[in-house]
Amino acid sequence: MNGIKDKKIAFLVANGFEEVELSDPIEALKEAGAITTIVSIEEEKVRAWDKTDWGKDYSVDLHIDNAEANNFDALVLPGGQLNPDFLRMNTKAVNFVKAFAQQEKLIAAICHGPWMLIEADLVRGKRMTSYPSIQTDMKNAGANWVDEEVVEDQGIITSRKPDDIPAFNKAIIEAFEQVTA
């Protein structure tokens with residue numbers, strides 16, 4: 001049984017997302033049969049950050065103004081230092097994240113992506129991880145921060161860094177397998 005087949009997964013990004021934290025999960029989830037959509041506060045294209053410099057441009061499939069959590073089964077929040085900072089300043093982006101939580105849909109965030117979970121007030125009392133440099137932010141927002149490859153708590157999957165992407169992808173796919181098992 002393939003629980004992720006035909007599931008619609010939104011990737012919310014702004015300029016400056018860490019490229020492999022979008023490209024690798026999209027590829028893995030598509031291979032598993034999911035339908036992925038890049039949602040952004042940018043109009044037509046969004047630019048990646050590739051470790052130490054700007055990366056590729058990616059086409060935006062859906063602008064945040066037209067995005068509704070009702071149309072998706074899950075949300076992925078890639079990291080990068082710039083990306084979540086731009087997103088958390090956008091009320092529609094924050095409300096988009098909140099709507100996934102209100103509808104009890106899977107949310108996955110990696111690296112600096114959990115900054116959006118803080119902004120949406122979704123970390124309090126949950127066991128989570130993130131890039132180590134934002135652990136104090138996570139703790140101050142009420143998360144039980146741990147230094148682990150992947151953590152899942154109450155429908156939210158968090159991961160630390162690009163090296164953890166294989167485990168992050170596996171956790172997302174397994175979360176859908178468990179729902180439909």
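User: In β5, which residue is the bridge partner of Asp 50?

Analyst: In this predicted model, strand β4 covers residues 45–50 and pairs with β5 in the antiparallel sense over five bridges. Strands of a sheet pair through backbone hydrogen bonds, either parallel or antiparallel. Within β5, the bridge partner of Asp 50 is Asp 53.

User: Which strands are the edge strands of the open sheet that three strands form?

Analyst: The three strands of this open sheet follow the order β2-β4-β5, and their pairing is mixed. An edge strand pairs on one side only, and this applies to β2 (17–18) and β5 (53–59).

User: How far apart are the end C-alpha atoms of helix α1, and what span should its twelve residues have?

Analyst: Helix α1 takes in residues 20–31, and its buried residues are Glu 21, Leu 22, Pro 25, Ile 26, Ala 28 and Leu 29. Because each residue accounts for 1.5 Å, the twelve residues should span 16 Å, and this agrees with the separation of the end C-alpha atoms, which is 16 Å.

User: Which residue with a positive phi follows α1, and near what value is that phi?

Analyst: The residue in question is Gly 33, which comes after α1. The phi of Gly 33 is positive, near 105 degrees.

User: Which element gives the largest share of the largest nonpolar core?

Analyst: This core holds 33 residues, of which Leu 12, Leu 75, Leu 77, Phe 96, Val 97 and Leu 117 touch the most other members. Two or more residues come from each of β1 (8–13), β7 (74–77), α3 (91–102), β8 (106–110) and α4 (114–119). The largest share, six residues, comes from α3.

User: Which residues does Leu 12 contact, leaving aside neighbours within four places in sequence?

Analyst: Leu 12 is one of the residues that touch the most other members of the largest nonpolar core. With those sequence neighbours left aside, the contacts of Leu 12 are Val 39, Ile 64, Leu 75, Val 76, Leu 77, Pro 78, Asn 83, Leu 87, Ala 93, Phe 96, Val 97 and Met 116.

User: Is Thr 129 buried or exposed, and which backbone oxygen does its side chain reach?

Analyst: Thr 129 lies in the loop between β9 (127–128) and α5 (135–140). Because its relative accessibility is 0%, Thr 129 counts as buried. Residues that Thr 129 touches include Pro 114, Met 138, Trp 145 and Arg 160. The side chain of Thr 129 reaches, at 2.7 Å, the backbone oxygen of Val 146.

Technical notes
Residues numbered from 1 in each chain as written. Predicted model: local features only at pLDDT ≥ 70, side-chain atom pairs only at ≥ 80, totals over all residues. Heavy atoms only, no water. Helix = DSSP H or I, 4+ residues; strand = E, 2+ residues; numbered from the N terminus. Buried < 20%, exposed > 50% of the residue type's maximum accessible area, 1.4 Å probe, protein only. Polar contact = N/O pair within 3.5 Å; in protein donor to acceptor, adjacent residues only side chain to side chain. Contact = heavy atoms within 4.5 Å. Core = buried A, V, L, I, M, F, W, Y, C linked by side-chain atoms within 4.5 Å. Pairing = 2+ DSSP bridges. Expected span 1.5 Å × (residues − 1).
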